[in-house]
Amino acid sequence: MRTVIRWALALAMIFAGVSHLTFARRDFQAQVPDALVERGPLDRDAVVVASGVVEVGFGLALLVLPKERRRVGAALAAFFVAIFPGNIDQWRKRRSAFGLDTDRKRLVRLFFQPGLVAAAWWSTR
């Protein structure tokens with residue numbers, strides 16, 4: 001089961017990363033916290049592109065670096081924690097994206113992030 005979850009995460013990360021770089025860029029921009037772009041050197045699009053590249057990298061690393069599986073899993077779990085403020089910001093600022101067009105949908109989504117953290121950690125142990 002760990003292998004199945006790890007492969008699912010890998011494929012999901014590659015898909016998510018590619019979508020950051022192509023067809024879903026605008027939706028992902030809705031998740032970039034205002035504070036990040038107001039105080040940092042990057043604009044929303046640059047943050048989305050950078051995170052897309054990182055996500056593709058995580059997905060590929062899960063597939064092609066089996067000896068580094070534990071480190072990749074720990075880093076991916078940390079990444080999921082690091083991007084969580086973007087999900088919170090989307091909910092707080094009522095930004096619609098990915099069909100999350102109500103406060104309730106955006107709130108429910110927040111409860112899936114701990115599952116991703118747990119899956120990244122557990123599937124790579």
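So, which residues make the nonpolar surface patch of about 350 Å²? They're Met1, Val4 and Trp122. A patch here takes residues with over 30% relative accessible area and no salt bridge, with nonpolar side chains (Val, Leu, Ile, Met, Phe, Trp, Tyr) joined within 5 Å. Areas are Shrake-Rupley with a 1.4 Å probe, and for residues only the protein chains shown count as cover; a salt bridge is a side-chain nitrogen of Lys or Arg within 4 Å of a carboxyl oxygen of Asp or Glu.

Quick caveat: this is a predicted model, where local features need pLDDT of at least 70, side-chain atom pairs count only at pLDDT 80 or more, and totals for chains, interfaces and linings use all residues. Residues are numbered from 1 along each chain as its sequence is written, and side-chain values use heavy atoms, leaving out hydrogens and water.

Back to Met1: it sits in the segment before α1 (2-21). Helices are DSSP runs of H or I, at least four residues, numbered from the N terminus. Met1 counts as exposed because its relative accessibility is 68%, and exposed means over 50%, buried under 20%.

Now the inside. The largest nonpolar core has 13 residues, with Leu76 and Phe80 making the most contacts within it. A core is a set of buried Ala, Val, Leu, Ile, Met, Phe, Trp, Tyr and Cys residues joined through side-chain atoms within 4.5 Å. α1, α4 (44-64), α5 (69-92) and α7 (113-122) each give two or more residues, and α5 gives the most, five. Leaving aside neighbours within four places in sequence, Phe80 contacts (heavy atoms within 4.5 Å) Leu9, Met13, Gln113, Leu116, Val117 and Ala120.

How values were computed. Patches are made of residues with over 30% relative accessible area and no salt bridge: like charges are joined within 9 Å, nonpolar side chains (Val, Leu, Ile, Met, Phe, Trp, Tyr) within 5 Å. Buried means under 20% relative accessible area, exposed over 50%, partly exposed in between (1.4 Å probe, protein chains only).
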